[in-house]
Amino acid sequence: MEVPSLGHNITSPISPCEGMVNNLSLESLELCERDGGKPEASGMVEMEELPVPQNIKISNITCDSFKICWDMDPRVKEKITHYFIDLNKKENKNSNKFKHKDVPTKLVAKAVPLPMTVRGHWFLSPRTEYTVAVQTASKQSDGDYAVSEWSDIIEFCTADYSTVHLNQLMQKAEAIAGRMLKFSVFYRNQHKEYFDHVKEVQGSRMLPSVKDNSGSHGSPISGKLEGILFSCNTEFNTGQPPQDSPYGRLRFTVPAQTLFGPHTRLYFGDFYCMYTAYHYVILVVAPRGSPGDIFCQDRLPELNVADNRFLTCVATEDGQLEFRHAQDVILEVIYTEPVELAQGTVAEISGHQLSSLSTLNAKKDPSCKTCNISVGR
């Protein structure tokens, strides 16, 4: 589902299926390189009286669109037939110098009343810094363009996924979640040094930490939400947690009802894979009214604790709580509050430490059709 249009739209000339948007005809503009920080366009002549856009403003930023406007001399507006927009990802000083640079995106549209909306998931990614410059142009009778000088270059950053995008991701995850299996504990594997630190420095309390950047690039919880990562998946043949783990040989195990139930809220956080057949669903469990709950309320889709396709808690006829998890996805459950070691037990697993399966800062496969949606990855 595309973000609703905010005024006039300008889209990439490379998309043949969107050549007309809101009755604006889009024409191809030759890709050109920067010289001294400003774009050059071949086949175009400067026309001194055309106004240079001034005081550019970017607003209404989403993960794959933004509104743009600027000031111009009203006396010469009638001479302007087109706007050229030069959009580039901001250079990262730490990027791999041997990697191919992103191709600059040059956009052209007929002159329309400002502001206009620039939208396109094929050239805009979420949580990404961009530079933008604008040029006014007048199409001549021979087909060439007379152009103004380029405006000053300004910078902006696109936004995270909205709940609209996350609902699209959630629907894709629901389609492959599979049947629900019973479970009774949440567990967290770490190294001995981690648990020593918890005991000696943190008063035997596991404390929330900021989520890493694993998963979708547009996830609103990466680098922002604080929590403790737990697992709950069980082996099909035993109904017990697996004895292997990517994260360490010591496992903290806590009864499911301690962390999850009617006293908590449950949110969908992300759906991704790491170039493998395994797919991961990130869920957030937060006690009602807690800071984590408040953080998630306006950012993530809330799930019904008793009725969803991933993780449920249902009261049985005898008053006991029954817990189930989805069989065909790997759940990563983020609990947003501190957890006392005394609430569970720590023991060594009998299996192996499979470090290759760690999702720490794992990058999502942008080509997977199962877990990607038609916005920035």
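**Salt bridges and confidence in a predicted chain**

Mentor: This is a predicted model, and the protein chain has a mean pLDDT of 82, with 80% of its residues reaching 70 or more.

Trainee: Which stretches have a pLDDT below 50, then?

Mentor: Residues 1-43 have a pLDDT below 50, although in the model this stretch has 105 contacts beyond near neighbours in sequence. Residues 95-103 also stay under 50, and for them the model has 3 contacts beyond four places in sequence. Where pLDDT is low, the predicted coordinates should not be read in detail.

Trainee: OK, and how many helices and strands are there?

Mentor: The protein chain has 4 helices and 28 strands. Looking at contacts between residues at least 6 apart in sequence, 75% of them join residues that are at least 24 apart.

Trainee: What about burial, how much of the chain counts as buried?

Mentor: Of the 377 residues, 46% count as buried. The chain exposes about 19000 Å², and carbon and sulfur atoms supply 50% of that area.

Trainee: Switching topic, how many salt bridges does the structure hold?

Mentor: There are 11 salt bridges in the structure, and one of them joins the side chains of Glu 155 and Lys 90, with 3.0 Å from N to O. Glu 155 sits in strand β14 and Lys 90 in the loop between β9 and β10, so this pair links distant parts of the chain, 65 residues apart.

Trainee: Is Glu 155 buried or exposed?

Mentor: Glu 155 counts as exposed because its relative accessibility is 51%, while Lys 90, at 32%, counts as partly exposed.

Trainee: And where do Lys 192 and Asp 196 sit?

Mentor: Both belong to helix α2, which covers residues 192-200, and because they are 4 residues apart they are separated by about one helical turn.

Trainee: Which residue does Arg 265 form a salt bridge with?

Mentor: Arg 265 pairs with Glu 302, and their closest N and O atoms are 3.4 Å apart. Glu 302 itself is partly exposed, with a relative accessible area of 46%.

Trainee: Last one, which residues are linked in a network of salt bridges?

Mentor: Arg 127, Asp 160 and Lys 224 are linked in such a network. As a general point, side chains of opposite charge can pair when their charged atoms come close.

Methods
Residues are numbered from 1 along each chain as its sequence is written. Side-chain values use heavy atoms; hydrogens and water are left out. Helices (H or I, at least four residues) and strands (E, at least two) are DSSP runs, numbered from the N terminus. Buried means under 20% relative accessible area, exposed over 50%, partly exposed in between (1.4 Å probe, protein chains only). Contact means heavy atoms within 4.5 Å. Accessible areas come from the Shrake-Rupley method with a 1.4 Å probe; for residues, only the protein chains shown count as cover. pLDDT is the predictor's confidence in each residue, from 0 to 100. A salt bridge is a side-chain nitrogen of Lys or Arg within 4 Å of a carboxyl oxygen of Asp or Glu.
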